[in-house]
Amino acid sequence: MSRVLEGIEAGRLQPDFTLLATMVEYIAEMPDKLHHPKEDQIFALLRTKTHELDAQLDRLEAEHRDTVPATSRLDRALVSYVQGGAAAFGGFRDAVQTYIADEWVHLNTEEGAVLPAARRLFSPEEWQEINADFARNGDPWSGADNRYAELFKRIANLAPAPVGVGASGLDAT
Ligand SMILES: [Fe+2]
């Protein structure tokens, strides 16, 4: 999404609102509905083992609760862009950049602090239970009925190279 926005900003790409809307839909569907609830289970178990991470877990859980408002901020920014055209591009770009920056901080906390602690403190039986629970949803990247894989494929087909395999996005005129 960053690459596509950079292309639009540099004048290399024409905005493809179908592509942008599909990307926002993927973000809204995949992490919001499937990924975060699973992580919350790990956080809850971790709280029974240590209080060292309480402040970080409080923040991560609050961010999980904010995911639906966060993606609707992206939605609203995209609607403003569709309505306002080029003059409204900056608002959409800023909303996407803010979302991405926030996600990196969130992921880095999970991967750098939370998961190493879970690895240290959870028993093999507890991991088995967590793994079984994760497996119930099948491959999280594919989703039920392959929904997320299909969405992702649609994005790859719409996005111009080198991001995806779609047309160049350049105006022929
Ligand atoms: Fe998370």
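Read along its sequence, the chain follows the pattern α-α-α-α-α-α-α, and the model discussed here is a predicted one.

Me: Why is helix 4 called roughly antiparallel to helix 5?
Reply: Helix 4 and helix 5 pack at an angle of about 160 degrees, with their axes 8 Å apart. Angles over 145 degrees count as roughly antiparallel, and helix 4 is therefore roughly antiparallel to helix 5. The crossing in which helix 4 passes helix 5 is left-handed.

Me: What makes up the contact of helix 4 with helix 5, by residue and by class?
Reply: From helix 4 come Ala70, Arg73, Leu74, Ala77, Leu78, Ser80 and Tyr81, which meet Phe89, Gly91, Phe92, Ala95, Val96 and Tyr99 of helix 5. Sorted by class, this contact has 10 nonpolar, 2 polar and 1 charged residues. Within it, Ala77 is in contact with Gly91, Phe92 and Ala95, once its neighbours within four places in sequence are left aside.

Me: Why is helix 1 called roughly antiparallel to helix 5?
Reply: The axes of helix 1 and helix 5 come within 11 Å and cross at roughly 155 degrees. Since the term applies to angles over 145 degrees, helix 1 is roughly antiparallel to helix 5. Helix 1, too, passes helix 5 in a left-handed crossing, and Ser2, Leu5, Ile8 and Glu9 in helix 1 meet Phe89, Arg93, Val96 and Ile100 in helix 5. By class, the residues of this contact are 5 nonpolar, 1 polar and 2 charged.

Me: What angle and what handedness describe the packing of helix 3 with helix 5?
Reply: Helix 3, residues 54–65, packs with helix 5 at an angle of about 145 degrees, the axes being 11 Å apart, and helix 3 passes helix 5 in a left-handed crossing. Gln56, Leu60 and Glu63 of helix 3 make the contact with His106, Thr109, Glu110, Ala113 and Val114 of helix 5, and by class it has 3 nonpolar, 3 polar and 2 charged residues.

Me: What makes up the largest nonpolar core, and which element gives the most to it?
Reply: Of its 18 residues, those that touch the most other members are Leu19, Met23, Val24, Leu74, Ala77, Leu78 and Phe92. Two or more residues come from each of helix 1 (2–9), helix 2 (17–47), helix 4 (67–84), helix 5 (89–121) and helix 7 (147–158), with helix 2 giving the most, 5 residues. A second, separate core of 5 residues includes Ile42, Leu46, Leu57 and Ala118.

Me: What share of the chain counts as buried, and what share of contacts join residues at least 24 apart?
Reply: Of the 173 residues, 16% count as buried. Among contacts between residues at least 6 apart in sequence, 66% join residues at least 24 apart.

Definitions and conventions:
Residues are numbered from 1 along each chain as its sequence is written. This is a predicted model: local features need pLDDT of at least 70, side-chain atom pairs count only at pLDDT 80 or more; totals for chains, interfaces and linings use all residues. A nonpolar core is a set of buried Ala, Val, Leu, Ile, Met, Phe, Trp, Tyr and Cys residues joined through C-beta atoms within 7 Å. A residue is buried if 20 or more other C-beta atoms lie within 10 Å of its own, exposed if 12 or fewer, and partly exposed in between; C-beta atoms are placed from the backbone. Helices (H or I, at least four residues) and strands (E, at least two) are DSSP runs, numbered from the N terminus. Two residues are in contact if their C-beta atoms, placed from the backbone, lie within 7 Å. Axes are lines fitted to C-alpha atoms, for helices over the stretch in contact, and angles run from 0 to 180 degrees between N-to-C directions. Angles under 35 degrees count as roughly parallel, over 145 as roughly antiparallel, 65 to 115 as roughly perpendicular and the rest as oblique. A crossing is left-handed if the near helix is turned anticlockwise from the far one by less than a right angle, and right-handed if clockwise. Ala, Val, Leu, Ile, Met, Phe, Trp, Tyr, Cys and Pro count as nonpolar, Asp, Glu, Lys and Arg as charged, and the others, Gly among them, as polar.
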